[in-house]
Amino acid sequence: MTTIIKNGTIVTASDTVQADVLIDGEQVALIGRDLQADDAEVIDATGKLLLPGGIDVHTHLDLPFGGTIASDDFLTGHRAAAFGATTCHIDFVIQPMGGTLHEGVEEWHKKAEGKASIDYGFHIAITDLRDDVMEEIPTMIDEGITSLKLFMAYKGLFQIDDTTLFRAMLRAAEHGMLIMVHAENGDVIAELTKKLLNEGKTDTKYHAAAHPAMAEAEATGRAVALSGITGAPLYVVHMTCEEAVEQLALGRAKGFPVMGETCTQYMFVFEEHLALPNYEGAKYVCSPPVRKRKDAPVLWKALADNTLQAVSTDHCPFWFEGGKEGRIPGKELGRESFHQVPNGMPGIEDRMPVMWHHGVNMGRYSANRFVEITSTNPAKIFGLYPRKGTIAVGADADIVIWDPEKEHTISAKTHHMNTDYNVYEGMTVRGWPERVLLRGKTIVDGDAWLGQPGTGQFLKRSPGAEVL
Ligand SMILES: [Zn+2]
C-alpha cells in the first residue's frame, strides 16, 4: 500500500521544509517535491504541518498502585494517546516484590497483548534489588529493555540505598544501559509524613509539605554526583522545580552524562491546587508533588535551553469519583489522609497540544524544538532512533498531520482517557492533530478512531543511550 501526503510542511527537530512524503507500506520511502505514484492514496495536507508522532517515555498503564489500578489500560490508554498525536510510549514494568525482572516483563506483555494499538516499549522499574536481581539486569537487553528505573524514595517499599544505587549504576554502565531515577529523599519524606500525620495534618494540601523541593534537589544532586563518579548515563524522571533543575545543570556543566525530563502538569498545576475545597486537591496529588508558580518558568526555560531534554506525562490516571458506576476505586481512597491518595494524573492525550500551544504559540520555543522534546530526543535517548522520532526515509511512517490553526477546548467530556476529570479542563489550545498515522496506517482521522487493538508493536530498544 502506498500513500502520498502532499503539500504539507514537514517539521523535524532540525528542519522545516515543504515537501511531499511517500509512504510505502509502513515506512517513509521518499521525501521530495511533486511526488507521484500509481495507485497511491493521496492525502492533501495543504496548510498543515507534518510532525513525527509523539513519543511519551513515562507512562503507567494498568498499574496496580495505592490499593487500586490505574484506570487506563493498554486499550483505552493507547486510543487516548493516539487522539493526542502520540504514537509510541514507553511504560514502566514493575518488578513484583520478591520476584524477578523477567516475571514483571512477562506480566506487562500480557497486559498489552491484544490491546495495543500504538507502538510501545518497556523500562524496567526495580523494586527489590537483591544480588540475584543485580545479576539479572544485563539480561534485560535481550528483552529489548535497555533502561532501568530506581527509586530514591518510597522508604520501606521501593527505596534503595546509595550503595545499591552506586552498584546498579556501575552495572548498567558496563552494559550500555540507562539509569533512570525517581529523585526524592525518601528518608526525609517518611519523617515529614510521620510528623504531619501525628499533628493531625491529613488534608491533601499537606502532600506538598511532606515532599519539599529540597528533598527532590538533594536526591537529584546525589544521583548526578554518582553518575559523575561512575560515568553511568543518568536520566532523572519527572523533574518539578528550580532547586532540582539547578542540580542537574551543575552536573551538565561539569560534563557528567546526566539528562532530565519534566512532565506537562508541572507547568500548569501548583501547590494551591492541592488546597482546593471539597477534596478537589486529590486530583492533583502525584509524586514528586506539584510545586510553586515560580517553578514553571524555570521548567519552560530548561526545556528550551536543553537543560531538560524531554517532556513526558507520567500518565497514571485514577477516577476522581471511583468505586461507583462500575468504576474501580480511585482518588476517594485518600479521603482520610493525603498519604493514602493514589498518586498520579491523567495526561497522555493532552501533552502534544498543550506543549505546542503554550510552547510554540507562546514563543517559548520553536516548532522544531517542540518536535525535539516530544519525539526526537525521547527516541534518541531510549534507543528508538532513527526508526522513531523523525520523518525521514526509512523511518516508520508515524506521522501527525497537524492543523496549526485549529482551536480546541480541552475537557473530560470529550477526552478519550478513562477518567472523570482532566487536568487542563477548559483550556483552549490552538494546534490540533487532524489525522494520525502509525506505520503508514491512519489510526485517527478527525474524531474517528480507526486504530485496531492488537496491531501496536512492542519495540525492542538498543543499548547505548545517546547523551544529549
Ligand atoms: Zn512515574
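Guide: We will go from the whole chain to single residues. This is a predicted model, in which local features need pLDDT of at least 70 and side-chain atom pairs count only at pLDDT 80 or more, while totals for chains, interfaces and linings use all residues. Residues are numbered from 1 along each chain as its sequence is written.

Visitor: How many helices and strands are there in the chain?

Guide: Helices (H or I, at least four residues) and strands (E, at least two) are DSSP runs, numbered from the N terminus. Here the chain has 12 helices and 21 strands. Its radius of gyration is 21 Å, close to the 23 Å that the globule rule gives for 468 residues, so the chain is as compact as a globular protein of that length. That radius is taken over C-alpha atoms, and the globule rule is 2.2 Å times the number of residues to the power 0.38. Along the principal axes, the C-alpha atoms fill a box of roughly 70 × 50 × 40 Å.

Visitor: What share of the residues of the chain count as buried?

Guide: A residue is buried if 20 or more other C-beta atoms lie within 10 Å of its own, exposed if 12 or fewer, and partly exposed in between, with C-beta atoms placed from the backbone. By that count, 56% of the 468 residues are buried.

Visitor: Which domains does the assignment give?

Guide: Domain bounds come from an automatic or database domain assignment. In this chain, that assignment gives domain 1 (2-51 + 390-415 + 429-449) and domain 2 (53-368). Their C-alpha centres lie 30 Å apart. The contact between them takes 21 residues from domain 1 and 20 residues from domain 2; two residues are in contact if their C-beta atoms, placed from the backbone, lie within 7 Å.

Visitor: Which strands supply at least two residues each to the side of domain 1 that touches domain 2?

Guide: They are S18 (399-409), S19 (428-438) and S20 (441-445). S19 gives the most to that side, with 7 residues.

Visitor: What order do the strands take in the open sheet?

Guide: Strands of a sheet pair through backbone hydrogen bonds, either parallel or antiparallel. Two strands count as paired if DSSP finds at least two bridges between them. This open sheet of 7 strands has the order S3-S2-S7-S18-S19-S20-S21, with mixed pairing. S3 (16-18) and S21 (448-449) are the edge strands, each pairing on one side only. S2 (residues 9-11) and S3 run antiparallel, joined by 3 bridges, and Ile10 has Val17 of S3 as its bridge partner. Helix H11 packs on the sheet, touching S18 and S19, and its direction makes about 125 degrees with that of S19. For such angles, axes are lines fitted to C-alpha atoms, for helices over the stretch in contact, and angles run from 0 to 180 degrees between N-to-C directions.

Visitor: Is Pro353 buried or exposed?

Guide: Pro353 sits in helix H11 (residues 351-361). It counts as buried because it has 25 C-beta neighbours inside 10 Å. Leaving aside neighbours within four places in sequence, Pro353 is in contact with Gly84, His408, Val429, Gly431 and Trp432.

Visitor: How many residues of strand S8 are buried?

Guide: In S8 (residues 54-59), 6 of the 6 residues are buried, so the strand is largely enclosed by the rest of the structure. S8 runs parallel to S11 (residues 86-94), and 4 bridges join them. One of the residue pairs is Ile55 with its bridge partner Cys88 in S11.

Visitor: Where do cis peptide bonds and positive phi angles come in?

Guide: Most residues other than glycine have a negative phi, and most peptide bonds are trans. In this model, a cis peptide bond joins Ser287 and Pro288, with omega about -5 degrees. Another cis peptide bond joins Tyr385 and Pro386, with omega about 5 degrees. Tyr154, though not a glycine, has a positive phi of about 70 degrees. Tyr154 lies in the loop between S13 and H4 and counts as partly exposed, with 16 C-beta neighbours inside 10 Å.

Visitor: Is Leu157 buried or exposed?

Guide: Leu157 is exposed, because 12 other C-beta atoms lie within 10 Å. Leu157 is in the loop between strand S13 (147-151) and helix H4 (162-174).
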